[in-house]
Amino acid sequence: MAAASSSDYDGCGAESNEANSKWLDAHYDPMANVHTFSACLALADLHGDGEYKLVVGDLGPGGQQPRLKVLKGPLVMTESPLPALPAAAATFLMEQHEPRTPALALASGPCVYVYKNLRPYFKFSLPQLPPNPLEQDLWNQAKEDRIDPLTLKEMLESIRETAEEPLSVQSLRFLQLELSEMEAFVNQHKSNSIKRQTVITTMTTLKKNLADEDAVSCLVLGTENKELLVLDPEAFTILAKDAVTSLCFGRYGREDNTLIMTTRGGGLIIKILKRTAVFVEGGSEVGPPPAQAMKLNVPRKTRLYVDQTLREREAGTAMHRAFQTDLYLLRLRAARAYLQALESSLSPVSATAREPLKLHAVVQGLGPTFKLTLHLQNTSTARPVLGLLVCCLYNEALYSLPRAFFKVPLLVPGLNYPLETFVESLSNKGISDIIKVGATLVPCGR
């Protein structure tokens, strides 16, 4: 009987292990050039076609630029550069309107970069933290040359060891310098304001109104200074801010839905979800109405529509020329009307830079007595108008004006100045005529 070789045993063992394994080996590529960690991976239906893609926040090792990669199966579908190293990735729905495609959020440093359709959409930055008062006072003394760099270093090291709040980036960089480099650094940065900025360490999502799988979600950010921020998915404003150090959700006592939190100061917070709580969609939803996403029942093409289409295709050049001719005539008539308004002084806006005025009239009443209100406005940016006279020219046989002449005070740019008078119609036959309003500038001293 022939003896079996060791390779035969190895092959049989591998096949046996694969048959007994709960996993199928779909793909293995040791040279895929994907460098990331768990927080920067996300699975999402990015295009609303039911096929989920793998979103990777690649760290870009070896001095390479970080990149956003989207994989479809074993292949990289799209790849784009990232502005900074990613810390976490999450996908979430921002709105209820069709198409229901999720947005992608990448956390990096103090910022969250939101992508829609794999294109940059919004950038949210964490608010700056208040600086340490002692640190601020030390840099103010350095600005006034009241302490030397060596004393500044010793005091900053003391603050770093005893204070609960971390130092700013400027102070941390100063403490890393050699003694010969400190004076130049202080002279360069002593006039700068102290800024303290935290960074995002983790990120997840939280349903906003409904617990459904396709409901709108809020971004939840965990920061280095032990704060928890909840962002609104539409306005990207902070909805809630807690200095929470730990969270736990589940059954507590006889309640099924209990949220337990501990704070940085040693506090304990227990919240119980009401059994009568109903999560419904809000009625004041912004954006287009849902009916806009409904498909219209477009009727079939009629014979008249087909004939009209053929006629436009055959006579397209002639129709375009006729349109251009009518457009030129319209422009010519508009230019003539504008010229006539300028020549007859009927334009509400003056045409000269010497008189930057705008005038319009409002007539109120049913007759025979009317109220005429003239609204004057100085349209210049900074120059006031002084010495302006306004008069009304009318047919004295038809109208009577108790006040037809106005001496206008100084006109400040941008303000509206009303001038009021009354007009009485003298005709019993209903004859009307035009009342012209003229304005002229009289130099001061005349």
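This is a predicted model: local features need pLDDT of at least 70, side-chain atom pairs count only at pLDDT 80 or more; totals for chains, interfaces and linings use all residues.
Thr421 belongs to strand β21, which covers residues 416-425, and a polar atom of the Thr421 side chain lies 2.8 Å from the backbone oxygen of Arg403.

## The largest pocket

The largest pocket of the model holds about 910 Å³ of space, and 28 residues line this pocket, with Leu206, Lys207, Val220, Val230 and Leu259 lying nearest its centre. The elements that each give two or more residues to this lining are the strands β9 (200-207), β10 (217-223), β11 (228-231), β12 (238-242), β13 (244-252), β14 (255-263) and β15 (268-272).

Among the contributors to the lining of the largest pocket, β9 gives the most, with six residues. When the lining is sorted by class, 18 residues are nonpolar, six are polar and four are charged.

## Aromatic rings

A pair of aromatic rings is described by two values, namely the distance of the centres and the angle of the planes. Across the whole structure, a search finds three aromatic pairs, and one of them is formed by Phe122 and Phe236, whose rings are stacked, at 4.6 Å centre to centre and with 15 degrees between the planes. This pair links distant parts of the chain, since Phe122 lies in strand β8 (residues 119-125) while Phe236 lies in the loop between β11 and β12, 114 residues apart.

Elsewhere in the model, ring pairs link Trp139, Phe174 and Phe185 into a cluster.

## Loop residues with positive phi

Asn33, a residue other than glycine, has a positive phi, near 60 degrees, and is found in the loop between α1 (6-20) and β1 (41-44). With a relative accessible area of 43%, Asn33 is partly exposed.

Asp145 likewise is not a glycine and has a positive phi, of about 60 degrees; the loop that holds Asp145 runs between α2 (133-143) and α3 (149-162). At 58% relative accessibility, Asp145 counts as exposed, because this value lies over the 50% cut-off for that class.

Leu273 lies in the loop between β15 and α6, the latter covering residues 303-314, and counts as partly exposed at 35% relative accessibility. Between Leu273 and Glu255 there are 8.5 Å in space, taken from C-alpha to C-alpha, although these residues are 18 residues apart in sequence.

Technical notes
Residues are numbered from 1 along each chain as its sequence is written. Side-chain values use heavy atoms; hydrogens and water are left out. On a 1 Å grid over the protein atoms alone, a cavity is a set of points where a 1.4 Å probe fits but cannot get out, and a pocket is an open set with protein on both sides within 12 Å along at least five of seven lines; lining residues have an atom within 4 Å of a point. Grid points are joined across faces, edges and corners, and a volume is the space filled by probe spheres set on the points. Helices (H or I, at least four residues) and strands (E, at least two) are DSSP runs, numbered from the N terminus. Ala, Val, Leu, Ile, Met, Phe, Trp, Tyr, Cys and Pro count as nonpolar, Asp, Glu, Lys and Arg as charged, and the others, Gly among them, as polar. Rings of Phe, Tyr and Trp (its six-membered ring) pair if their centres lie within 6.5 Å; planes under 30 degrees apart count as stacked, over 60 as edge-to-face and the rest as tilted. A polar contact is a pair of N or O atoms within 3.5 Å; within protein, one must be able to donate a hydrogen and the other to accept it, and residues adjacent in sequence count only if both atoms are side-chain atoms. Buried means under 20% relative accessible area, exposed over 50%, partly exposed in between (1.4 Å probe, protein chains only).
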